[in-house]
Amino acid sequence: MELAVREAGLAFEAGEIPVGALVVFKDKVIGRGHNLTEKLHDASAHAEMIALSAAYEHFSDWRLEDCVLVSTLEPCPMCAGAAMLSRIRTIVYGASDPKFGACGSIIDIPGQTGFNHRIEVVSGIRKNEIAAMMKLFFKQVREGKERVN
């Protein structure tokens, strides 16, 4: 999670919502990313999607069956869906997302029984630190500090 928090810090510094993510295979990081939605003007440029794309390239395959997706924030429906489609084994995240969370907060994509794949979910890792970073970011946004694009 430490490396994911560092990725979130890069997003924060760039004026992006501070989310960082990694894909790990056999204790090795094979994909990493942080939010780039503002910079790329792309709603799909979430940290998890960028990390997943790097992992696909690593394997030259979209199947990530023995991999773990680590994210500082609970994945949204898009990212949880991409993890499901990629056959991710485990999602590990820090802070819950009460507005878009799709691993139990709003909906629970990994917990749905109708899919042919199941994902283990581990939550709450460094959640207080991550939640504090998110709160600081949105406080600065409310105070009118411009995002860097």
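I take helices (H or I, at least four residues) and strands (E, at least two) as DSSP runs, numbered from the N terminus.

**Model.** I am looking at a predicted model, where local features need pLDDT of at least 70, side-chain atom pairs count only at pLDDT 80 or more, and totals for chains, interfaces and linings use all residues. Residues are numbered from 1 along each chain as its sequence is written, and side-chain values use heavy atoms, with hydrogens and water left out.

**Largest pocket.** I looked up pockets on a 1 Å grid over the protein atoms alone; a pocket is an open set of points where a 1.4 Å probe fits, with protein on both sides within 12 Å along at least five of seven lines, and lining residues have an atom within 4 Å of a point. The largest pocket has a volume of about 560 Å³, a volume being the space filled by probe spheres set on the points, which are joined across faces, edges and corners. I find 21 residues in its lining, and Ile 17, Leu 73, Asp 97, Met 134 and Phe 138 lie nearest the centre. Helix H5 (residues 127-142) gives the most to this lining, with 4 residues. By type, the lining of the largest pocket has 12 nonpolar, 4 polar and 5 charged residues. Here Ala, Val, Leu, Ile, Met, Phe, Trp, Tyr, Cys and Pro count as nonpolar, Asp, Glu, Lys and Arg as charged, and the others, Gly among them, as polar.

**Helix H3.** I checked the length of H3 (residues 47-59): its 13 residues should span 18 Å at 1.5 Å a residue, and its end C-alpha atoms are 19 Å apart, which agrees. The expected span is 1.5 Å times one less than the number of residues. In H3, Ala 47, Glu 48, Ala 51, Leu 52 and Ala 55 are buried. They cover an arc of only 125 degrees around the axis, so they are on the same side of H3; the arc is that of the directions from the helix axis to the C-beta atoms. Buried means under 20% relative accessible area (1.4 Å probe, protein chains only). What covers these residues of H3 includes E1, E2, E3 and helix H4 (77-85). Just after H3, Ser 60 takes a positive phi of about 55 degrees.

**Gly 94.** I found Gly 94 in strand E4 (residues 90-95). Gly 94 is buried, at a relative accessible area of 1%. Leaving aside neighbours within four places in sequence, its contacts include Met 1, Leu 73 and Ile 130, contact meaning heavy atoms within 4.5 Å. Ala 4 is 90 residues away along the chain, yet the two C-alpha atoms are separated by 9.6 Å.

Conventions. Buried < 20%, exposed > 50% of the residue type's maximum accessible area, 1.4 Å probe, protein only.
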